[in-house]
Amino acid sequence: MVIANETSGTHHRRLTFADFLNSDPDAGEEEHNHGGRPSSSNNNNNKDANSYQQRQSNASTTSGDSSPNQVLSPWNQTYSPYYTDATTTPTMSPSPWNQTYSPYYKSPWTYQTQNINDVSENGLIGTIVRQDGHVYSLAASGNLLFTGSDSKNIRVWKDLKDFTGFKSASGLVKTIVITGDNRIFTGHQDGKIRVWRGSKKGYTRIGSLPTLKEFLTKSVNPKNYVEVRRRRNVLKIRHHDAVSCLSLNEELGLLYSGSWDKTLKVWRLSDSKCLESIQAHDDAINTVAAGFDGLLFTGAADGALKVWKRELQGNGTKHFLVNVLMKQENAVTALAVNLTASVVYCGSSDGSVNFWEGQKYLSHGGTLRGHRTAVLCLAAAGSLVLSGGADKNICVWRRNRDGTHSCLSVLMDHVGPVKCLTAVEETEEKGDGRWIVYSGSLDKSVKVWRVNETASPVIG
């Protein structure tokens, strides 16, 4: 079903910067209530990334009366489009998750298109809504888009039309990655990693991690168990809490999984064997990213950003901790890596995005401030880095040749926290530097945007 554009143009028009300053400052509480990690009775200081509404930041922030040109960082990299707090705009619903407000609630799924006259600028080109619940994960491969939600469904869209889907038995879909040989790995709230493969007949489940064979082999040896709570032992090669993140290094043939059980696991893609189980953090791992120079980055609710490297040990290899780039009070919530420029970006629950430069021995490059509340997701696309937040907005930043960053635009059409982002480059001849960006939100929708690396900056 295709819905024509609204005649009023108020809901899907590209907002001006003045409109942005008057946008709704309230972050959605839904992220805390849906999929949030429950507090542990054994750790009252648990710092889950999803509890950002209850955490107080002790980091420097831009106040309401700050000057647009105020520099708050020694690296001259602190920008904030937010200078005022205003009341909700008339076009916003007081309850963004009230489905009777949405024009899509009468249809099981819809796709709404919108043209952008100036292809050099950034803006919305479409909206996908399907009543599958809040969208927690996204992955794109060619003309296919995979979306995961709290309904346990993985929905597949082809050319932005509802193509097919498959469903897990339990556990909302928190993360999705796709290999070059068309295998889909999904991480779930129930602690399981499921493996799927597509064919002409659709998508079928072909296994899980660990494999049944490895599980049975390891389970007979008591040395393969670890105590997670008093009188409760679990097999080391299995996650016993939500799988929050997955990352691929296909060059090395490895899959990395991070979990709220505080462990990082390393899987070999060729035979799905668990090579390592590392007690990587002191609290829930929220994000993992395979990086440049064979490095691996992990971020967690303990506020730490750690760097790991795979090195030879005996007859095999093992990942060793080589650096801790950051240790703070606020949870680390998202990571993205620019492989070309060797830069790692780190989002936090205080709304900041810090970055480190590999060409300068992972020295701190600066801080980007575009969100008033938690950064929930990051994506790197060419010279761009995009950040989605609990404030319902997406900030588009461009890395300049001198290493500074400019804010190109703030995308504001979601009415719920932006939970996931992914981007694919346009394949047209004139598509150099143009990207199609997909954003999933707790408003149960996926927005489709066009962003351009050559767009004029708003700030910076």
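1. Let's start with a ring. At 5% relative accessibility, Phe292 counts as buried, buried being under 20% relative accessible area with a 1.4 Å probe and protein chains only, while exposed is over 50% and partly exposed lies in between. Before going on, a caveat: this is a predicted model, where local features need pLDDT of at least 70 and side-chain atom pairs count only at pLDDT 80 or more, whereas totals for chains, interfaces and linings use all residues. Residues are numbered from 1 along each chain as its sequence is written, and side-chain values use heavy atoms, with hydrogens and water left out.

2. On to the aromatics. Searching the whole structure turns up five aromatic pairs; rings of Phe, Tyr and Trp (its six-membered ring) pair if their centres lie within 6.5 Å, and planes under 30 degrees apart count as stacked, over 60 as edge-to-face and the rest as tilted. Phe292 and Phe297 have ring centres 5.7 Å apart and planes at 55°, so this pair is tilted. Phe297 counts as buried, at 0% relative accessibility.

3. Tyr345 and Phe355 are also a tilted pair, because their planes sit at 40°, with the centres 5.8 Å apart. This pair links distant parts of the chain, 10 residues apart: Tyr345 is in strand S23 (residues 343–348) and Phe355 in strand S24 (residues 352–357). Strands here are DSSP runs (E, at least two residues) and helices likewise (H or I, at least four), numbered from the N terminus. Tyr345 counts as buried at 1% relative accessibility, and Phe355 does at 0%. Elsewhere, Phe146, Phe166, Trp196 and Tyr203 make up one aromatic cluster.

4. Now the sheets. S23 and S24 belong to an open sheet of four strands, ordered S22-S23-S24-S25 with antiparallel pairing; two strands pair if DSSP finds at least two bridges between them. Strand S22 (332–338) and strand S25 (363–369) are at the edges with a single partner strand each, so one side of each has no neighbour in the sheet. The twist averages 20° from one strand to the next, with axes being lines fitted to C-alpha atoms (for helices over the stretch in contact) and angles running from 0 to 180 degrees between N-to-C directions. S22 and S23 pair in the antiparallel sense over six bridges, and Asn338 stands opposite Val343 in S23.

5. There is an open four-strand sheet in the order S18-S19-S20-S21, again with antiparallel pairing. Its edge strands are S18 (285–290) and S21 (316–327), each pairing on one side only. Here the twist averages 25° from one strand to the next. Strand S20 (residues 304–313) and S21 share 10 antiparallel bridges, and Glu311 faces Lys318 in S21.

6. Leaving aside neighbours within four places in sequence, the contacts of Leu386 include Cys377, Ile394, Leu421 and Val451, contact meaning heavy atoms within 4.5 Å.
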